[in-house]
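Q: I would like to go through a structure with you, step by step. Could you take my questions as they come?

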Amino acid sequence: VEESIKPGIFSGVPGPGNPDYRAGFMYNGPRGEELDRFYLSPSQYALVLYATLIETGRMSPDGLLDFNRDGSIVEMIGAEHSPGHEVMSGSLGQGISQASGIAMARKLRGEKGRNVIFMSDGEFQIGQVWEAIQMMVYYKLDNILVYVDVNGCQCDGIMTSVMNIEPLEKRLEAFGMRVFRVDGHDVDALAEWGNLPPDGRPVIVLCDTIPYKGIPLLRERYPKFHYMRFVNQEEKNGYEKFLCRLKEENIYGNII
């Protein structure tokens, strides 16, 4: 791995007086008119993005040693300077607005690259998201591909008990989106929509997932999976044993 993609400390905000500033999208590989760009809307998912960058050789593995440390750009809730992040998308609901604005600019320039947005289902409780969708449909931004993690949970519990967004599929279709629904644990099914020919409509793929899939210990915390901490040493030991078994038996792929 090249030293140039080893994360460092926060160098300050961008500006003419700060030549050392590096944006998080620099970890995503080359940029060009024909290339796709990725936007992570729920920036609390940042750890998964960092792991992906490591697996693809775009971020040094020891970068995770600075995860969530003061001054590090490898933040727990990623920002625009964090590895892999194109924009600062928190609070929730803002990512799709920024991504759709960039998508419109790229379309006006005649760029062929798509704009892939990853969202969480809880963001559809926010009015700004629906305003962005209305804009995307009106301007026929078919260079947008949205994936939504539909797990039905949020920090306060089950989504239907907090603010129900279902039937999400029908609501999105009513706005004019091109909607598909798949098993979010089926990697091949997820990749399939990346080859879909454009037809003038933004594409949104609802990915049904189970947040505790394959991890019985985690299921015990259902339906609240946010802000989790080990309740005692016994629980921590249980997870350590589970992870060791995954490594020994090489069964990680079966869990996904």
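Q: How many bridges join S6 to S7?
A: S6 and S7 run parallel and are joined by six bridges. Helices (H or I, at least four residues) and strands (E, at least two) are DSSP runs, numbered from the N terminus. Two strands pair if DSSP finds at least two bridges between them. The model is predicted, so local features need pLDDT of at least 70, side-chain atom pairs count only at pLDDT 80 or more, and totals for chains, interfaces and linings use all residues. Residues are numbered from 1 along each chain as its sequence is written, and side-chain values use heavy atoms, leaving out hydrogens and water.

Q: Which residue in S7 is the bridge partner of Val179?
A: The partner of Val179 in S7 is Ile204. Ile204 also stands opposite Val146.

Q: And how do S3 and S7 pair?
A: Strand S3 (residues 144-150) pairs with strand S7 (residues 203-208) in the parallel sense, over six bridges.

Q: What is the strand order of the open sheet?
A: Its five strands follow the order S1-S2-S3-S7-S6, with parallel pairing. Strand S1 (37-40) and strand S6 (178-183) are the edge strands, each pairing on one side only.

Q: Which helix makes a β-α-β unit with S6 and S7?
A: Helix H6 (residues 187-192) does, and the unit is right-handed. That means that, with the strands pointing away from the viewer, the path from the first strand over the helix to the second runs clockwise.
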